[in-house]
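Biologist: Could you walk me through this one slowly? I'd like to ask how you know each thing you tell me.

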Amino acid sequence: MDMLQLVRWLIHRTSKPPPVLSNRRANRYLVLDNYKIQWIAFCVFMCFREVYSDEKIRIQPFHFPTNAKEGHKVQVMCSLLEGDTPVHFTWQKNEISITSSNNVNIVTHPDFSRLMINDVDVQSSGNYTCIAKNNQGQDSYTAHLAVRGPPKWLKEPTDTSTPVGESVTLPCATFGYPTPDVTWRKANDSSPDHWTHLINSRHIRLESNGSLTIINVQNEDSGYYQCQVSNGIGDGLKKAVSLSIKGKEVISCTVSPELHMVTS
C-alpha cells in the first residue's frame, strides 16, 4: 500500500480528511500541536490494527479415546481456537476425503463439525484430519484412531507346489491392533505331531508382511508348514498348508576315461 492509498484508506475509515500540518522548526525538530499528534497516532494505530489484528484461523486440538475396542462408538469435535465464522469444514481419513456413510456420521454447524463412527473395528483405525476454511485462510488438525481387535486375515496361506531349485513364498498377511506377531513352523518328517520353529537363514526368509520365502527349494523342503498369528487379543489365527516339490534332484554320474574293457 503506497502513501496515497494509505491516506485514502484513513479518510475512508475516519470519515474526515487529515489535518493540515504546519511546520514550525525549533532546534531542527518538527513541533506539532496536540490535535495533530493524536490524529497521527490514531492513523498509525488503525493501520497496524488492520494489518495485524486479524487472527489466523486455528483449530482446537482433539483426540480419539485411547482404549477404543471393536464395537465401540467414538466421536470427536472439530472447532476453532481462533478465527471467525462462517467456517467450511471437511474431513479426511488417511488423506482421502470422507463423508457420512453407513457407520460414519458427520454433522457440521457454522462454528464446529462433529465426526462420529459407530460400531468401529480394526479397519476403522487410521489418521483422521479435520480441515477448516474461512475468509482468513485455513487450518487442519490430524488425530490417530487405533481400534484394538484380534488378528484377521488379509491373505491366508494355501497349499503350494513348486519345482526343485525355484524359490517359493507362502503368504500369511493379517491385520489387527496391536500389530500381530507372525511365526512359522514346519512339521517334522519323522514325527508329524512335532513342529520346528523357523528362523531367518540363507535358505529361509521371514518377510516383514508375514510371508515365508524358501530359497532354492529342495526335496527335503516338502511337508507341512504352519502360520501362527497373535496380538494378545482373542485366540489368534493358525493355518497349516502343504508344500509339495515337483521333480527330483538330478544326480550327476561321471565315467572315468581310464576305465577299460577287460577281456579274457
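Modeller: Let's start with a term: a contact means heavy atoms within 4.5 Å. Before using it, note that this is a predicted model, where local features need pLDDT of at least 70 and side-chain atom pairs count only at pLDDT 80 or more, while totals for chains, interfaces and linings use all residues. Residues are numbered from 1 along each chain as its sequence is written, and side-chain values use heavy atoms, leaving out hydrogens and water.

Biologist: Okay, what share of the contacts in the protein chain comes from residues 24 or more positions apart?

Modeller: Among contacts with a separation of 6 or more, it's 60%.

Biologist: And how many helices and strands are there in the protein chain?

Modeller: Two helices and 20 strands. Both are DSSP runs numbered from the N terminus: helices are H or I with at least four residues, strands are E with at least two.

Biologist: What makes a residue "buried"?

Modeller: Its relative accessible area has to be under 20%; over 50% is exposed, and partly exposed lies in between (1.4 Å probe, protein chains only). By that rule, 31% of the 264 residues are buried. Strand β9, residues 126-134, is mostly covered, with seven of its nine residues buried.

Biologist: How do you know which strands β9 pairs with?

Modeller: Two strands pair if DSSP finds at least two bridges between them. Strand β5 (residues 88-93) has six bridges to β9, and β10 (residues 137-145) has nine bridges to β9. Both counts meet the cut-off, so both are pairs. Each pairing runs antiparallel. To find them on screen, look for T90, whose bridge partner in β9 is I131, and for K133, which has Q138 as its bridge partner in β10. β9 and β10 also form a hairpin, with two residues between them.

Biologist: H144 sits in β10. Is H144 buried, partly exposed or exposed?

Modeller: Partly exposed, because its relative accessibility is 48%. H144 touches F64, G126 and N127, leaving aside residues up to four places away in sequence.

Biologist: Why is the link between K152 and E70 called a salt bridge?

Modeller: The rule asks for a side-chain nitrogen of Lys or Arg within 4 Å of a carboxyl oxygen of Asp or Glu. For K152 and E70, the closest N and O atoms are 3.2 Å apart, so the pair qualifies. This pair links distant parts of the chain: K152 is in strand β11 (residues 149-155), while E70 is in the loop between β3 and β4, 82 residues apart.

Biologist: How many salt bridges come out of that rule?

Modeller: Four. Another one is K239 with E156, also with a closest N to O distance of 3.2 Å. That pair bridges 83 residues, from K239 in β20 to E156 in the loop between β11 and β12. E207 and R205 meet in one too, at 2.8 Å.

Biologist: How do you know whether E207 and R205 are buried, partly exposed or exposed?

Modeller: Check the values: E207 has 26% relative accessibility and R205 has 40%. Both are therefore partly exposed.

Biologist: There's an open sheet with the order β12-β20-β19-β15-β16. Why are β12 and β16 called edge strands?

Modeller: Each has a single partner strand, so one side of each is left without a neighbour in the sheet. The sheet has five strands with mixed pairing.

Biologist: What makes β15 and β16 a pair?

Modeller: Three bridges join β15 (residues 181-187) to β16, and at least two are needed, so they pair; they run antiparallel. R185 stands opposite H197 in β16. Over in β19 you'll find Q228, whose contacts include R185 and H197.
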